[in-house]
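Here is a friendly walk through a structure, meant to be read with the 3D view open beside you.

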Amino acid sequence: MKFFIATLILTVGLSAQSRLDSLYNEYIALHEKEVHTLVNEITTKENVKCNFGIENSVRLGIKSFSPALQKILKTMFIRPELDTSIVSPSGFFRIHFNKGTDAPQYNINELAKAFDSSYSFEVNYLGFLPPPKDLGNGGDDKYDVYIYRMSRGIYGNTNSEEEISSGSKTFYSYIEMDNSFSGYPTTGILAAKVTAAHELHHAIQIGNYILRESATEIYDLYFYELTSTSMEEFVYDEINDYYYYFKSGGYFNFTDKAFGSNEGYNLAVWNIFLKDKFNLNVIKRQWELMRTYRALEAIDVSLIENQSSFLDSYNEFGVWTFYTNYRTVQGKYFEEAENYPLIKPAITVNFNKNLTPTEINSDVTSISFVKVVNSLNEKKDTLFFVLSTFEMKSGISDLSKQFHSTITISDSWQNNFATLPFGYYLLFSPDYPDIWKCSSIINYIVYSPVKSTETVFPSPFHYEDGKSIYIPLNGTIDDPVSLKIYSISMDLVCDIETELTPHLLIDKPVVKWNGLNNKNEKLGSGVYFYFIKSQERTALGKLVIVNE
């Protein structure tokens, strides 16, 4: 019953104190069946796999409630009392359950092995830190898992308890799981296995890295669920419960939705892309960075360290998501692409020789697919443009923000148009060029992305008295920026705080750098990567230094 109350509390709003004070009386006045109906209406609006966000938001925000309500809530957050337990073969987990009518409807010994397998992959293989053992709760210091009838379509839950050390934002925890998974998209022991992989990673996340929250919410909840859901696929590749999140409300129908506004389950394919494009280490690195950065920043920095960026990788991810279902290319892109649905274009237009510019308003940090159909020629060409945006500040704190661009297609060259195959010409006009990336797919073949980045000058850079490197960046003169310079091996050689300055030769602010490292020394000849971050945007690029 505690899940229903926790959901109701979060739904009415943690800040609505007077509403909360009367909540318990309202609950008493309602019949249990009516409470079930109400909560089901709330939670079935989204695909809910686990109650991690709802329950932990209430647990962590409990001090904001009235003393009377705190007393009620604390009784709801007591661990289940079950009559039997076993220890997993590795000795790390203790699995609690009841015998009789509430007994697990799957093999409990197989579940214990599944937890050990998940631990072996996520901790021993990937290198994540193990979830901390508790302080003797559950009978000993083993990590506790409780199996009972959860109902309501929730597979499991990882519950935070005491903070490990004051201010650490890391917590001891325990896991709860359903005892049957009857009527779920995946049932029985298969559902139990993926739930073990999913919930174990939540325990790893909040036990070693961070559970960042305010009085009313867990920040970047989508990132917690995104990682845990992808672990299901990494540990149990053959089960594929994550396909359930491809349904009508899934990512492939709403690629133009801001990245951070997703619930997370539907973004498991993003981590699958990162694993295939880079390696699994980049995902672990993101959680190390999460201790300092918000999720979107952690993702971007981890990709910069791999000589990419969120903007570049997210655009390529958009191309990968295009090649699914009947468009699948064997041996390329997603391994299971033929089982994925087709993406839904944000805009579809018909081509004519005098095509009016197509207006696009894209959510911050999203992917918009623009479909253009040329029915005037015999081939009936189809053009897709994959437009991705990335602007850090709004991507974290203002998910409703949109950015504007236009696409114009022509069958004859015009000034400033880019040349495409098959006699097409493209003018892509975004409002802020450095936050956009555009890739072209014509008759299902990808062509080079449209370049919108500015050029560093002088290039290459030669050390001379009084000479500097200039990196153009959209912004306002005197805006503060941070500049990081990395070697080709991704060693940080320069890390400075500076500001945007004017330059006489171009009508755009620049970041000025003297080419010296943190020790005020000249660098060796070679290619270097720069990463610039301002309040409004980030920029990534290369520069060449010649030290003769």
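In which sense do strand E15 and strand E21 pair, and over how many bridges? Strand E15 (residues 461–462) and strand E21 (residues 538–546) are parallel partners, joined over two bridges. Within this pairing, His 462 lies opposite Val 546 of E21. E21 also pairs with strand E20 (residues 526–534), here in the antiparallel sense and over eight bridges. Phe 529 has Lys 542 in E21 as its bridge partner.

The average pLDDT of the chain is 83, and 82% of the residues score at least 70. Residues 1–47, however, have a pLDDT below 50, and beyond near neighbours in sequence this stretch makes 77 contacts in the model. Residues 449–453 also stay under 50, with eight contacts beyond four places in sequence. Where pLDDT is low, the predicted coordinates should not be read in detail.

**The four-stranded sheet**

A further open sheet is built from four strands in the order E7-E10-E12-E11, with antiparallel pairing. Its edge strands are strand E7 (358–363) and strand E11 (418–420), each of which pairs on one side only. Neighbouring strands in this sheet are turned against each other by 30 degrees on average, with direction ignored. E11 pairs with strand E12 (residues 424–430) over three bridges in the antiparallel sense. Thr 419 finds its bridge partner in Tyr 425 of E12.

| Strand pair | Sense | Bridges |
|---|---|---|
| E15 and E21 | parallel | two bridges |
| E20 and E21 | antiparallel | eight bridges |
| E11 and E12 | antiparallel | three bridges |

**Helices that cross**

Two packed helices are described by the angle between their axes and the distance between the axes. Helix H7 (residues 108–125) packs against helix H9 (residues 221–235) at an angle of about 105 degrees, and their axes are 11 Å apart. An angle of 65 to 115 degrees counts as roughly perpendicular, and H7 and H9 are therefore roughly perpendicular to each other. From H7, the residues Ser 117, Ser 118, Phe 121 and Glu 122 meet Met 231, Phe 234 and Val 235 of H9. Sorted by class, this contact of H7 with H9 holds four nonpolar, two polar and one charged residues.

What angle do helix H10 and helix H13 make where they cross? Helix H10 (residues 268–277) and helix H13 (residues 310–322) cross at roughly 105 degrees, with axes that come within 11 Å. H10 and H13 are therefore roughly perpendicular to each other. On the H10 side, Val 269, Trp 270, Phe 273, Asp 276 and Lys 277 take part, and they meet Phe 310, Ser 313, Tyr 314, Glu 316, Phe 317 and Trp 320 of H13. The contact of H10 with H13 comprises seven nonpolar, one polar and three charged residues.

Which residues of helix H11 are buried? In H11 (residues 281–289), Val 282, Ile 283, Lys 284, Gln 286, Trp 287 and Leu 289 are buried. Their cover includes helix H8 (188–209), H9, H10 and helix H12 (295–304).

Ile 477 sits in the loop between strand E16 (469–472) and strand E17 (480–486). Its relative accessibility is 35%, so Ile 477 counts as partly exposed. Leaving aside residues up to four places away in sequence, Ile 477 touches Leu 500, Thr 501, Pro 502 and Pro 509. Ile 477 and Val 511 are 34 residues apart in sequence, and their C-alpha atoms are 10.0 Å apart in space.

Conventions:
Residues numbered from 1 in each chain as written. Predicted model: local features only at pLDDT ≥ 70, side-chain atom pairs only at ≥ 80, totals over all residues. Heavy atoms only, no water. Axes fitted to C-alpha atoms, helices over the stretch in contact; angles between N-to-C directions. Parallel < 35°, antiparallel > 145°, perpendicular 65-115°, else oblique. Contact = heavy atoms within 4.5 Å. Nonpolar A, V, L, I, M, F, W, Y, C, P; charged D, E, K, R; others polar. Pairing = 2+ DSSP bridges. Buried < 20%, exposed > 50% of the residue type's maximum accessible area, 1.4 Å probe, protein only. pLDDT = per-residue confidence, 0-100.
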